[in-house]
Amino acid sequence: MTARFDQASAEAAEARGDWATAIALVSEFAECYSRDPYRHNAHLWHMDLLAKAGLLRDLVDRAEIDVHARRHLDRFLYEEGHDGVLRERAQRGDKTALYLLVRLLHDRGGPAAAMQAIADIDVNDTYAIKLALRSQSNW
């Protein structure tokens with residue numbers, strides 16, 4: 001029999017920055033694509049905790065097979081301004097990385113910088129082009 005999920009303890013551990021405890025508590029209950037929405041939400045929370053804890057290697061490893069880990073990793077890279085890593089991921093076919101790279105480059109250098117990245121990676125991606133041409137106030 002599985003122990004009950006102690007969400008309050010996990011939240012308290014997260015609040016005090018005790019990543020190991022928070023991750024241990026949440027990961028034990030988490031289940032990707034579970035029919036139980038609480039387990040699925042715990043999975044998303046688990047990915048968020050890994051990013052907050054700076055456990056990027058764990059996210060990278062999981063990103064190969066877990067779309068949620070991939071998205072959390074890409075979001076972390078965007079928020080930290082790691083355009084080079086986002087570019088590498090986008091060149092390997094990660095569309096989320098491409099869109100976040102376009103947004104990052106647009107913020108830094110305007111539409112021309114974003115369009116150059118699209119030309120280098122996937123000139124036919126119409127959504128990326130729309131993002132590149134969007135004004136910053138429309139994000």
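Does Asp125 count as buried or exposed, and at what relative accessibility? Asp125 counts as buried, because its relative accessibility is 7% (buried means under 20% relative accessible area, exposed over 50%, partly exposed in between, with a 1.4 Å probe and protein chains only). This is a predicted model: local features need pLDDT of at least 70, side-chain atom pairs count only at pLDDT 80 or more, and totals for chains, interfaces and linings use all residues. Residues are numbered from 1 along each chain as its sequence is written, and side-chain values use heavy atoms, leaving out hydrogens and water.

**Around Asp125**
- Asp125 sits in the loop between α7 and α8 (helices are DSSP runs of H or I, at least four residues, numbered from the N terminus).

**Helix α7**
- Asp94 caps the N-terminal end of α7, with a side-chain oxygen 3.1 Å from the backbone nitrogen of Thr96.
- A kink of about 140° lies at Gly109, shortly before Pro111 (the angle between axes fitted to the seven residues ending there and the seven starting there).

**The core**
- The largest nonpolar core has 34 residues (buried Ala, Val, Leu, Ile, Met, Phe, Trp, Tyr and Cys residues joined through side-chain atoms within 4.5 Å).
- α7 gives the most to this core, with 10 residues.

Note on methods
Helices (H or I, at least four residues) and strands (E, at least two) are DSSP runs, numbered from the N terminus. A polar contact is a pair of N or O atoms within 3.5 Å; within protein, one must be able to donate a hydrogen and the other to accept it, and residues adjacent in sequence count only if both atoms are side-chain atoms.
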